[in-house]
Amino acid sequence: MKTTLPEILSTQNFEAIRNWLEDPEAAAPEFAQSFMTQLDSVYMERTGKPIRKTPAGVIRRMSLDFLLSGKEENKTTEPEPKNETVEKILDMIADTPKMNVTDEKTIGDDLLPLTDENGFKEAGLDSVRLAGAVAWHWQQLENKYTLGKPISGSLLQTTVYIIYGTLLAERGTRITTEHPQMWRFGPVFPRIYTRFSKRGIVPSEKEAAEIKESDPVLDEFIRRIIRINASKKRNELSERHTSKSSPWGVCNKMHPEQWSTQLDDKEIQRWFRKEIDNSK
C-alpha cells in the first residue's frame, strides 16, 4: 500500500533538490528545507529510522517511487565511499538552520507581539531553542520522576506541544515560529525531531537563561507547564493528545493518515481552552 505524501514531495521538487545538491554553484530552491524535513519524516514513517542512519548507497538509489513502494531496502555489506552529495543531504536534515525570528519579541504585558491573519500573537521563539530549555528545566525539577534523568524524545515533543497549546489558549499567543504536525504517534515539531534525533537531546542551560533574561513571564510559564506535567504517566499523556477529540484526532479524521499535516492552531486553542476550563 502506498504512502500518502505531502504535496511538497512532488517528483518535480524531488528532481530540483537532486539537481541542486549535485551542483555546488546552484542556488538552493526556496522550498529546500521544508522538503528535506518532510522527506525525513516520511522516510522515518516508512522504514522506522531516520535517513541519516541509512547506508549512503541506499540514499543514492532513493526515489519517490522507492519511498512509496514499501519494499525492503537493498542490504549491502560493502563499505560505501564518501559521497559529498549524500553528506550534504544528511547535514541539511540534521542541522536545520534557525528561522529568521526576532529574539527581542516578548509576551510581557507591556508589549504587544505581532498578530497573524487569524489574530494570534507571535512570540517568535525558535522551537529548537525552546526544546533545549525544556530539557534543561526538566532535569532541574525536584521531582523523583525527573531529577537527574534525561527527558525522552517523545516526552520532549509532548511537553513542547502542551506549552504551545496552553499558551494559545491562555494568551492567544503562538510561542514558536514552527507549527506542530500530525505524525503517526502524536503531535511533532519536525525541526526538534531532526535536530535531536541525530545528536540526542542536549539540555541547554544557555537557552533557558536567555529566555528568562529576555522574558521572565514566559520563563515562569514554561516552568509551570513542565511542573504540572512532570509527574503524569507518559502513556496517559500520549493517549490524551492522540484521542479522537484532540487536535491530532480531529486532523486525522479530516486527513486520514496524511502524516506531516499541520495541526490547526484554532483547533489547538479551542481544545486546550476546554482542558483548562475542565481542570478548574
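User: Let's start with F272. Why is F272 called buried?

Analyst: This is a predicted model, and in it F272 has a relative accessible area of 4%. The cut-off for buried is under 20%, so F272 counts as buried.

User: What makes W271 and F272 an edge-to-face pair?

Analyst: Their ring centres are 5.3 Å apart, with 85 degrees between the planes. Pairing needs centres within 6.5 Å, and edge-to-face needs over 60 degrees, so both tests are passed. W271 is buried as well, at a relative accessible area of 3%. Ring pairs also bring in Y161, giving a cluster of Y161, W271 and F272.

User: And why is the pair W248 and W259 called stacked?

Analyst: Here the angle between the planes is 20 degrees, and the centres are 6.3 Å apart. Stacked means planes under 30 degrees apart, and the centre distance has to be within 6.5 Å, so the label holds. W248 sits in helix α12 and W259 in the loop between α12 and β5 (261-262), so the pair ties together parts that are 11 residues apart in sequence. Both of these tryptophans, W248 and W259, are buried. Over the whole structure, the search turns up five aromatic pairs.

User: Where is P180, and how do you know that P180 is buried?

Analyst: P180 is in the loop between β2 (173-176) and β3 (181-183). Its relative accessible area is 0%, and since buried means under 20%, P180 counts as buried. Leaving aside neighbours within four places in sequence, P180 has contacts with Y161, Y164, V188, F189, Q262, L263 and I268. Take Q262: P180 and Q262 are 82 residues apart in sequence, but 6.1 Å apart in space, C-alpha to C-alpha.

User: What makes T159 buried?

Analyst: T159 has 6% relative accessibility. That value is set against a cut-off of under 20%, so T159 is buried. T159 belongs to helix α7. Not counting residues up to four places away in sequence, T159 touches V134, I151 and I226.

User: Which residues have the most contacts inside the largest nonpolar core?

Analyst: Those are V134, L156, I175, L218 and I222, in a core of 43 residues. The elements giving two or more residues to this core are α6 (127-140), α7 (153-171), α8 (190-199), α9 (205-214), α10 (216-230), α12 (247-254) and α13 (265-279). α7 gives the most, with 10 residues. Beyond neighbours within four places in sequence, L156 is in contact with A131, V134, A135, I151, I192, F196 and I201. There's also a second, separate core of seven residues, including L9, I17, W20 and A32.

User: What lines the second largest pocket, and which element gives the most?

Analyst: The pocket holds about 410 Å³ of space. It has 18 lining residues, and the closest to its centre are I162, I228, N229, K232 and E275. α7, α10, α11 (234-240) and α13 each give two or more residues to the lining. α13 gives the most, with five residues.

User: How many of the lining residues are nonpolar, polar and charged?

Analyst: By class, the lining of the second largest pocket has seven nonpolar, four polar and seven charged residues.

Technical notes:
Residues numbered from 1 in each chain as written. Predicted model: local features only at pLDDT ≥ 70, side-chain atom pairs only at ≥ 80, totals over all residues. Heavy atoms only, no water. Core = buried A, V, L, I, M, F, W, Y, C linked by side-chain atoms within 4.5 Å. Buried < 20%, exposed > 50% of the residue type's maximum accessible area, 1.4 Å probe, protein only. Helix = DSSP H or I, 4+ residues; strand = E, 2+ residues; numbered from the N terminus. Contact = heavy atoms within 4.5 Å. 1 Å grid on protein atoms, 1.4 Å probe; cavity = no way out; pocket = protein on both sides within 12 Å on 5 of 7 lines; lining within 4 Å. Points joined across faces, edges and corners; volume = space filled by probe spheres on them. Nonpolar A, V, L, I, M, F, W, Y, C, P; charged D, E, K, R; others polar. Phe/Tyr/Trp six-rings, centres within 6.5 Å; stacked < 30°, edge-to-face > 60°.
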